[in-house]
Amino acid sequence: MRMRIEAWFRFVAETICNRAWLLLVITGLATGFLVYQLPGLRVDTSTESFFHKDDPVLEEYEAFKDQFGWDELIVLAIEPPEVFDKDFLGRLKELHADLEDNVPHLADITSMVNARNTRGEEDKLIVEDLLENFPENASEMADLKKRVMANPLYINRIISSDGGMTTIILETDLSAVTSNKIDALSGFEESEAIEPSLEEKNISKNDIAEAVVSAVEKIVNKYQSPDFRIHLAGAPVVLKKHKEAMIGDMGKFMLLAIATIALCLYLMFHRITGVLLPLLVVVLSLLSTLGMMGLFGVAFTVPNMILPSFLLAVGVGASVHILSLIYRHYEQNNNKREAIVYAMGHSGLAVVMTSLTTAVGVASFATTEMAPVAYLGIFGGAGVLFSLIYTIVLLPTLLFLLPLKVRFVNKRGGPALQDRFGRFLDWVSDMSTGYPKTITAITVALLVVGLASAMQLRFSHDTLKWLHPSWPCRQATEKIDEVLGGTITLEVLVDTGRENGLYDPYILKSLDELAEEFDKFDDGLIKVAKASSIADILKEIHQALNENRPEFYTVPENGDLIPQEFLLFENSGSDDLEKVTDSAFRVGRFSVLVPWVDVFRYVPLVNKIEHDFQEKLGTKATISTTGILRLFIHTVTAASKSMAEGYVSAVILITIMMILMVGKIRLGLLAMIPNLSPVILVIGLMHWLRLPLDTYTMMIGTIALGLSVDDTVHFMNGFRKYYDETGDVKVAINKTLHTSGRAMLVTSIVLTIGFLAFTCASMRNVVNFGWLTGLTIMLALVADFFSVPAILTMMNRTTQMKVE
């Protein structure tokens, strides 16, 4: 069987040499078609980009936004020497007006300037802006301070509980965004602030959100000063920073990886073709992959930022194995066609199998419920296959057509000189075959220790902590969370199932009691800043209509008063009821303001909310949680589960492929031990270093496993060939190390460098992903150099193994 497969690959190589120009044209046309699709590729870091379009949680969130508007707030927290000061309030009013006039797609803006001030005057209900009557003297300022600090709706919303910080809250309106050309930056006074490209293309909601944040940042910079410190936070601000970091980092990754990999290739081959051809393979693989994403309308998102460097490392590795054999054979025989045919026959199957195992490892992400990770699995796997095609077809085609000189031959025409790795590889061979039991025992011990530590690792997903502590948006968010208690909301929809259902006194009192309960919520993981609902507006109205007396700040006992009081409020000119209920008073909105923390910390709060609401309201209403925070919770928890399942699937599939490759079940299973042990050991190391298992570091296992198995496959492929020739395990291992082993060493270095490039990233999660994956690959190489030969030696001694 093995001989037939090698013969088939030699036939493929002969065909490539015979049809080189035709294959070059066909490959060029196919590549050109995919590259032509690149303009259709867009970058998206919005919250919605983390979901599949048909996800019911996303559909529910879209319905929520259609009814109540966008909950992705932009928060400006201003920290002056004194909030209740005439000069400060004057500057606050100017900033408020500037934002209102010059920020595009603004649905609402709330601050002390226009905060709702509900009061009664004789028999009238008056709803006006808080600073409609600007305080002119100390007495009026003191009265303003008293009213503000006494209003529960203001505390931790527009002013901190200590009165030292006040906010401006911006609500965006992206509902007008269509596929047609629109003025995304309307409202800017200076034309240079407008990006011409946005005017000339179809604009997404993500583009508009970024334009809004940019407009706010520009205005904030005008007012920023030591006595008027502005902290800018909110989900749109953080997501914009993620995108900026992603775009900036990708360029750094590619340049660093290409430069260092090119150096490694030159040091190994000392040939220009040995540098340019592998790089050409990976560049074309990357362009083809991105072109396919553009063809299918899949956006480039934050998790996809690892794709270019990943394909760079993977593609180079496969090319190195083919080129090393071609150059080695060509230097000995000076026949290019024979060298290509020999290399393809020797390693063609191994290259195909290694590419498939890597593709399987990455493709295991395809089932995850987090859309960007799923697309990384789909298109990452496709990219690996593109790389395989270019390596098997384009690489030998170009090598056959290009002139090639004989290098490294001594003056007597003897064989190539001993390379710098020779003595090291001899030492590895002697150690691994001389002490097989010791090496195997160490491998098993490390596997057990790593597994015990890995089982204690915790899941985490804190996108704010991904940003560097020195970045302003992180500092601002943490500052606001510390002083005001939160910048992000969890939304609860209460559906009474009937028109005017929210007039029910029991439901309104229940909402009020639940708000009081959650205002006190603190489980040690998260503390609620504020809970609010339509009941708060009703309490305001009822107090105002009862001579503004504090004891009437409650839901009225007489249910007949409720519709009348709401009607009076609507007739006052305020539209604030639209933010908390629909026009039929059937569905109510209950908002819980919380700080930005690890997504998994919100889970107990969500469970308690769903339990307490159901217990309190029973059959009177149906409950559902939604909002941007609910999206984060759903997608991350679901992704963690599906990615864990992907681990299992990847291990099973790769194990089956390993068994098929080596031809024996027992040997295939044993060969997986040195491949699994580095992954488990590094995951265990994460526990000791207190590094979380997030959506990035979760990818280490399957990616590293797919890559580390590559070396094992090449080693087993070479070993079987040399064992068939010699019948001696030690000789076969030594020969394998001197052929496949050299390429394995270089490819592992190349792969490690490719992933270590991520340590230059701006975001901490990407940095951790990079060095941990690089470490795993190097540990896998150590396992392949020592553990695999040790296992083969032990099996030969105990069973007199015969490799077919």
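Start by selecting helix H10, which gives the largest share of the lining of the largest cavity, 5 residues. Before going further, note that this is a predicted model, in which local features need pLDDT of at least 70, side-chain atom pairs count only at pLDDT 80 or more, and totals for chains, interfaces and linings use all residues. Residues are numbered from 1 along each chain as its sequence is written, and side-chain values use heavy atoms, with hydrogens and water left out.

**Stop 1: the largest cavity**

A cavity here is a set of points, on a 1 Å grid over the protein atoms alone, where a 1.4 Å probe fits but cannot get out; lining residues have an atom within 4 Å of a point. Grid points are joined across faces, edges and corners, and a volume is the space filled by probe spheres set on the points. The structure holds 6 cavities of 30 Å³ or more, and the largest cavity has a volume of about 140 Å³. To centre your view on it, pick Val314, Gly317, Ala318, Thr354 and Asp710, the closest to its centre of the 15 residues that line it. Now colour helix H10 (307-333), helix H11 (336-363), helix H23 (698-726) and helix H24 (729-756): these are the elements that give two or more residues to this lining. Helices (H or I, at least four residues) and strands (E, at least two) are DSSP runs, numbered from the N terminus.

**Stop 2**

Select Asn304 next, in the loop between helix H9 (272-295) and H10. Is Asn304 buried or exposed? At 1% relative accessibility, Asn304 counts as buried; buried means under 20% relative accessible area, exposed over 50% and partly exposed in between, with a 1.4 Å probe and protein chains only. Show its contacts (heavy atoms within 4.5 Å): leaving aside neighbours within four places in sequence, Asn304 meets Met293, Ala299, Pro372 and Leu376.

Then go to Thr695, in the loop between helix H22 (665-688) and H23. Thr695 is buried as well, because its relative accessible area is 5%. A line from its C-alpha atom to that of Ala150, 545 residues away along the chain, spans 44 Å.

**Stop 3: the largest pocket**

Of its 36 lining residues, Thr110, Arg116, Arg157, Asp576 and Lys579 are the closest to its centre. Two or more lining residues come from each of strand E2 (106-110), strand E4 (124-129), strand E5 (166-172), strand E7 (488-495), strand E8 (530-532), helix H18 (534-544) and strand E9 (587-594).

Stay with helix H18 and select Glu540, which is found there. Glu540 is buried, because its relative accessible area is 5%. Which residues does Glu540 contact, leaving aside neighbours within four places in sequence? They are Arg116, Thr118, Asn151, Leu153 and Tyr553. Glu540 and Asn117 are 423 residues apart in sequence, yet their C-alpha atoms are 9.0 Å apart in space.

Asn114 comes next, in the loop between E2 and strand E3 (116-121). With a relative accessibility of 18%, Asn114 counts as buried. Not counting residues up to four places away in sequence, Asn114 touches His96, Ile109, Asp129 and Leu130.

**Stop 4: two positive phi values**

Most residues other than glycine have a negative phi. Select His270, in the loop between helix H8 (235-269) and H9, and read its phi, which is near 55 degrees. His270 is partly exposed, with a relative accessible area of 27%. Then jump to Asn500, in the loop between E7 and helix H17 (505-519). Phi of Asn500 is near 65 degrees, and this residue is partly exposed at 34%.

**Last stop: zoom out**

Show the whole cartoon: 25 helices and 10 strands, with C-alpha atoms in a box of roughly 110 × 60 × 45 Å, taken along the principal axes. Of the 804 residues, 58% are buried. Among contacts between residues at least 6 apart in sequence, 79% join residues at least 24 apart.

Note on methods
On a 1 Å grid over the protein atoms alone, a cavity is a set of points where a 1.4 Å probe fits but cannot get out, and a pocket is an open set with protein on both sides within 12 Å along at least five of seven lines; lining residues have an atom within 4 Å of a point.
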